[in-house]
Amino acid sequence: MPIQVLSDDLASRIAAGEVIERPASVVKELVENSLDAKSTRVDVHIVGGGAQSITVVDNGLGIPANELATAFQRFATSKIDESSDLISIGTLGFRGEALPSISSVARVEAISKHAESDAGARYLVDFGKSNSIESAGAPQGTRIEVSGLFTNVPARLKFLGSAGRELSRIQSMLASLALVYPHVAFSLSADGRERLRTIGSGKLIDALSGVYGAKVAEQMLELEPGESAAFSVDGLVSSPSLSRSNRTYMTISVNGRLIQSRRLSYAIEQAYYGFLPERRFPIAVARIQTPLGDVDANVHPAKAEVRFLREDLVYSVVQRAIRGVLSASAPVHELGAGRASGSIGLLRKPGSATIVGGRSSGNSERSTSSGFSQWPDPSLISEQSRLPETPTGAESESGDGSVSTNTHKETLPVLRVIGQSHETYILTEGPDGVYLVDQHAAHERVMFEQVRDRFDKNSSESQPLLEPATVDLAPGAMTTVQEHLENLKRVGWGVEEFGTNSLIVRSVPAALATRASGDGAGQVFLRVLDELRDGGSGETWSNRMLASIACHSSVRAGQILSIDECKDLIRLLEQVQRPNTCPHGRPTVIQLNINDIEREFKRR
Ligand code: ADP
Ligand code: MG
């Protein structure tokens, strides 16, 4: 074929592919236009997951009748002009591509009344073919209805999910926008049923309550906007008593623009390290402010990603803020503080147990029979063990840079060992009931703090192996070793490169010595590396490394312990900083409250 310029129609449909991928992208573009038009209400109606129709109604500035047709031309925008600096853009839109893109792959009806006109106007574009402007009665604002999306692009249609799937994408996208714009009242209805509603009070907590419900809102912690004016973050993050099984509950905005950023989500996730069990994720809204010139929003057709000039700085501002508020509140770990202030009813609901350190770590701990033996639902626990206030003694944690170590000491009640159960749990009696201690989790906590203290003081001990072990590394693992060699040495590993993909392990951290010798040492080293493979960098990395060493030097579930060994372990646990959770955030201790035991036995 000879080289020729594509027709406008074809060029638009190709371009539309970049901006409009699915119904949720239509909703995003239309709602962003409503927000740019300073709307205070945005109502979205969906039929058939958006494939049948999407209607967005706003009460914004409106479009003058004589500009309505222009709005649908490619690269037509009222938001920038020749004098604009493409870096510092304050509006959500600026490319002038959304309306033409949408109308090239759907039938679009726009009705708008501009603030300063007497009457509204109606304009119809049918898969790229425009009609004439008609006058129409309308309230101030804009109503855009998009129907038959992609019926002229069968390839696109084929890639759409079920109506339910597309709707849930729309819902989570709108939820995120509602969180970033708490002063706008949003609603979403699908096939006539309301799915989401926020009141637009301007308070983030109200918006969050509208999106996730009042129960969740009660368990959110407020991020304090940082000191530095240029880079700051505010928002809400879930207390460790609340978590989700996937990453979709993290909303991030930069200078008011909703963005997706793997790195920033990861920064948030990592801030919870030690506060949440593995594979549990927080609910978070992080609203980042940076100088406008520090972000480039023009790197992604749907503007979902941005580029930061100083990404590491943003990353650490976010992490520090979250770490600070988590350390300061540490709600699930604070048995001692809660009891001292008399504010915590350890167990109010009959027929359930209270987990001292937080959540139940898995289904295995829940029996299906009713009544006494039933372990509580984590949401119940979190409500009961949530503290109303920040405990004293933890203020120094926020904002001074030393946010990573919690100097506030948790207390464990004095426990008398009764025996061991299932070769895994130490059964004990305390002042307020019966306590079960997970022997591995407890020992892990003890070892973690020992190993960490030595590491911090640069006094880790190393134990030479009688026979050095040779290990073959997985592809890419050598880079991890080289990158972190300093920290590995500092904690007591003596390793040497041996060919391209193998290592010789000559010595091991002393804590590991009894459990890892000879080939065992190599195996443990490999396992530690595995656990650290994508474990971030800096402090997070060393914490994970220490946790992993602690894990491998601790007693396992299934190991028989004598009464004396049980007692020793409990004494050691009493002395650590945070006895109530293991370094990965799982509880070490679970309590059965004496009041409930008495109630269950009908003694009162
Ligand atoms: P962009 O948002 O990048 O400017 P669009 O194609 O999304 O491009 O919209 C084109 C123009 O139409 C906008 O610049 C704006 O002037 C106008 N417009 C679109 N939607 C609305 C709305 N809901 N309220 C007011 N004006 C709107
Ligand atoms: Mg737009």
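Residues are called buried here when their relative accessible area is under 20%. That cut-off is applied to a predicted model.

Strand β12 spans residues 250-254. Both of its faces are covered. M250, I252 and V254 lie on one side, and these residues are buried.

Two strands pair with β12. Strand β14 (residues 284-289) runs parallel to β12, and five bridges link the two. I252 has A286 as its bridge partner in β14. Strand β13 (residues 257-259) is antiparallel to β12 and is joined to it by three bridges. Here I252 stands opposite I259. β12 and β13 form a hairpin, with two residues between the strands. In this turn, N255 has a positive phi of about 50 degrees.

Helix α9 covers residues 262-271. Seven of its 10 residues are buried, so α9 is also largely enclosed by the rest of the structure. The buried residues are L264, S265, A267, I268, E269, Q270 and A271. An α-helix has 3.6 residues a turn, so residues three or four places apart point the same way.

Ligand 1 is surrounded by 20 residues. The closest are N33, T77, S78, K79 and G96. By class, this shell holds eight nonpolar, eight polar and four charged residues. Helices α2 (23-36) and α4 (98-104) each contribute at least two residues to the shell. α4 gives the most, with three residues.

Polar contacts to ligand 1 involve both side chains and backbone. In the side chain of D58, an N or O atom is 2.9 Å from a nitrogen atom of the ligand. T142 places a polar side-chain atom 3.3 Å from a nitrogen atom of ligand 1. At A98, a polar backbone atom is 3.3 Å from an oxygen atom of the ligand. On its own, ligand 1 has 530 Å² of accessible area, and the protein covers 93% of this.

Definitions and conventions. Residues are numbered from 1 along each chain as its sequence is written. Chains are lettered from A and ligands numbered from 1 in the order in which they are written. This is a predicted model: local features need pLDDT of at least 70, side-chain atom pairs count only at pLDDT 80 or more; totals for chains, interfaces and linings use all residues. Side-chain values use heavy atoms; hydrogens and water are left out. Buried means under 20% relative accessible area, exposed over 50%, partly exposed in between (1.4 Å probe, protein chains only). Helices (H or I, at least four residues) and strands (E, at least two) are DSSP runs, numbered from the N terminus. Two strands pair if DSSP finds at least two bridges between them. A residue is near a molecule or strand if one of its heavy atoms lies within 4 Å of it. A polar contact is a pair of N or O atoms within 3.5 Å; within protein, one must be able to donate a hydrogen and the other to accept it, and residues adjacent in sequence count only if both atoms are side-chain atoms. Accessible areas come from the Shrake-Rupley method with a 1.4 Å probe; for residues, only the protein chains shown count as cover. Ala, Val, Leu, Ile, Met, Phe, Trp, Tyr, Cys and Pro count as nonpolar, Asp, Glu, Lys and Arg as charged, and the others, Gly among them, as polar.
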